[in-house]
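Visitor: Please take one part of this protein and look at it closely. I would like the packing inside, with the cut-offs spelled out.

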Amino acid sequence: MATKGHPVNSGSKTSLQMMPSGSTSNKRTRYVNPVTKIRSLIHNLDSELGLLCGQCSVRKTPQIGSNISVSIHNKRQGELGSGAHAQQRISSHYYQESINKLLARTRSTSTSGSVTTTRMPLAPDAQKRQMRNVYRKRVTDAYRNRKIFTVHGNYHTVRRALLRRGWLEKLPASRYTNLQSMSEDSLLENARKGNDYESVIISKMINNFPSFFIWQGKGQRDLFSEVRPFRNRVRRSHFMDFSTKVGLVGCAEQESWYREDGVCGMSYPRFYRLGGNSVEERMAFIEDYQQTQARSLLHYIMEHKPEALIDTDNGTILSSHLDLALTKVKQMVRQAQHCSLDDARAKPPTPTEVVETHTFMVQSAEVLKSMAKFRVNETVMKEYIRLATQYIGQIEALRPDYRWDGSRNLWILKPGYQSRGIGIVIRNSLDEILQWTSSNQNRKYIVQKYIERPYLVHRTKFDIRQYMLLTIGESKVTVWTYRNCYLRFSSQEFTMDDLRESIHLTNNSVQKRYKNRLSRDPRLPSHNMWSLDQFKNHLQEVGAPENTWAKIYSGFKQNLVAVVMASLDETELVKNAFELYGCDFMLDEHYNPILIEVNATPDLSPSTEVTAKICPAAIKDCIRVVVDLAKNPLAPTGQFERAFEINYSSNKAPDVQHPLEINGKQMTIFEDLPKLKNPNRTRMLHEILSNVKVSAGRKLDKTKKAPARVIKAIAFAKKKKVPEQQHAGPKAILSSTTRENLALQYTAPKGFPLPERRMGGCCTFSKTLCPHFRNSKIYRNWSRNHCH
């Protein structure tokens, strides 16, 4: 600020700001010295100039900077008064040194013919402005190239895979909550390449743009559907969503329509939806339970020696129960062979059959649970065992899923819409099963036949986790299967005498709550998982056929293709939608895969050393299939291979140019239609009316009054003459009274009193007749002759 009494340079108008003319003369005139602002501006401009020189590899001469400093110094000397010489000298000296230092940093030293430059640090405002411009350019390029993604949850492998491909992340609200509340300037001050501040500032700039890749949870709402992003969710109807127990049951009911040997086929345990109010399904389950009880009893006597089953003196079970079990199995064989339609027809049981069945269920339960003895001799028991082996072999050849049954009649109860082993129980009593499902109606329980004869590894139960990827393109739905998988073991040895979940449920979420049994085979891993290579080595050790794994993997693909095909009609075919599924399989004693369940959100965390390898690799290969293959059809897909491909057309608009055409041949029911004879009533009436003589004048008068359409109908009837019947004799001549009486007999309504004589009260009687009949010529003639 200029002090009072010092002269002011009148030519320097840009450096001064005077008070408005309206101010009084006694007020002090105020001046503003912009030296500080000019110094900051030159500082920033010179820094940017040095940066540009460094980028262009041009050396900046020192004379430019010295001239600038000298001119500024002279200008400041002319503007300032003599009263501020000391302050001017200090500021000029400081400014001169700062500019010289900045210029010295921008000078480059040339070595070996090449120019090397070093950047000078920018001023805070200039640095922020430059960083902001760089980030905005990256955001704009990412939007133009459709490279903005959002990942919900801790799927860091997905993030890293997309960031390496040049994508930018739009952060969800739950990620970096504290940093997202900071201002943009504060984030720019701390932003460095690759740190969290940079991620948040880019996400703030990208907030108004849609995401083109979304990894989200199953229950989240689908956003940005208008841009058709890559989304890891495929939506389908409630009852055909195979990632739930209820939906998988619905797919199993429909897969028979798509079954094709070697391509599409589903192996799934028998099931019943007892969580609803369907009486029909409940009765079907009861019937299946009773039939399974009969087969279980026959399995029981096949598994034991004859002498261990009988007690001639003290046995409590009669041989009639074995006869009933054999009869039920024989009926099942007839139904499976479709020997008679009468066998498949539902017939209500008689009271005697109800009593016999109830007695059989009670007595057979004592044999299976308490090992009760039969009161027969050894010879008879051997014959029963022979017949049981024969009939069981026949029914298992017709129904391969019966091979998984044993002698315990166990059923597993699963909540329809839960996973990770929650709420699963195993029962073998019919009353307990019905009571459990009835008391838990809100959980929509599915009752499924338990696999009593699985393939075991070192006497321990296991299942196989297989990954499936489903992608939807412009006009194709593709099923991808992962060539790598892993095994999950139970922590306890397998036994049917103990129904605890630690023995029968192999989910990792269940087994991690239990410690491994000390008596378990030491060849099994402590973390209860095997890789595929370890399982292949085991198959070689036990002497399995050479192509065993190829057979198992082919069964995996056929089951998964069948599930997708069965649900395709109820699937929303949205372009760029995809989903990664975790499918659980078991093996029977003949290495046949059995589909247990499909999970829409599989656990991809590296919980063990096995999953630490396969889970990240599966995610990376999933990104290769979804992102890379969409741009380059020849891009590698990793371990994923195309198992099946379905063509579909999403154009549902009507085709106006090609309307519906029906091609075919008319079906002939009869070559020559039989000639139908007129009934007696109609033939007699025709004879009566044909003999009625009508005058030509009345006929002409009627023709004139008749409408045109009636005349045309009469003319058409005359052209189409009906051949007259051949009479044996001449035409009978009847009197008028006889003709009228015959006409009344065949045309009058029911209850009309036919005239035998003249009667009274005809006026009252005529009111009860039909108006059309009352106005007819026949009734008028009759009433004229018979009424008073």
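Guide: Contact here means heavy atoms within 4.5 Å. By that rule, and leaving aside neighbours within four places in sequence, Phe 535 is in contact with Val 457, Phe 462, Leu 487, Trp 530, Trp 549, Ile 552 and Leu 587.

A word on the source. This is a predicted model, in which local features need pLDDT of at least 70 and side-chain atom pairs count only at pLDDT 80 or more, while totals for chains, interfaces and linings use all residues. Residues are numbered from 1 along each chain as its sequence is written, and side-chain values use heavy atoms, with hydrogens and water left out.

Now the surroundings of Phe 535. Phe 535 belongs to the largest nonpolar core, which has 54 residues. A nonpolar core is a set of buried Ala, Val, Leu, Ile, Met, Phe, Trp, Tyr and Cys residues joined through side-chain atoms within 4.5 Å. Buried means under 20% relative accessible area, exposed over 50%, and partly exposed in between (1.4 Å probe, protein chains only). Phe 462, Phe 535 and Tyr 581 have the most contacts inside this core.

Several elements build the core. Helices (H or I, at least four residues) and strands (E, at least two) are DSSP runs, numbered from the N terminus. Among the helices, helix 9 (245-254), helix 18 (532-541) and helix 19 (548-567) each supply at least two residues. So do strand 11 (462-472), strand 12 (476-489), strand 14 (578-587) and strand 15 (593-599). Helix 19 gives the largest share, 11 residues. Apart from this core lies another, of 49 residues, among them Trp 215, Leu 469, Tyr 482 and Val 627.

Next, the cysteines. A search of the whole structure finds 0 disulfides, a disulfide being a pair of cysteine sulfur atoms within 2.5 Å. Cys 583 is buried, at a relative accessible area of 0%. Cys 264 is buried too, at 4%.

The protein has 27 helices and 16 strands. Of its 788 residues, 40% count as buried. Among contacts between residues at least 6 apart in sequence, 69% join residues at least 24 apart. The accessible surface comes to about 47,200 Å² (Shrake-Rupley method, 1.4 Å probe; for residues, only the protein chains shown count as cover). Carbon and sulfur atoms hold 52% of that surface.
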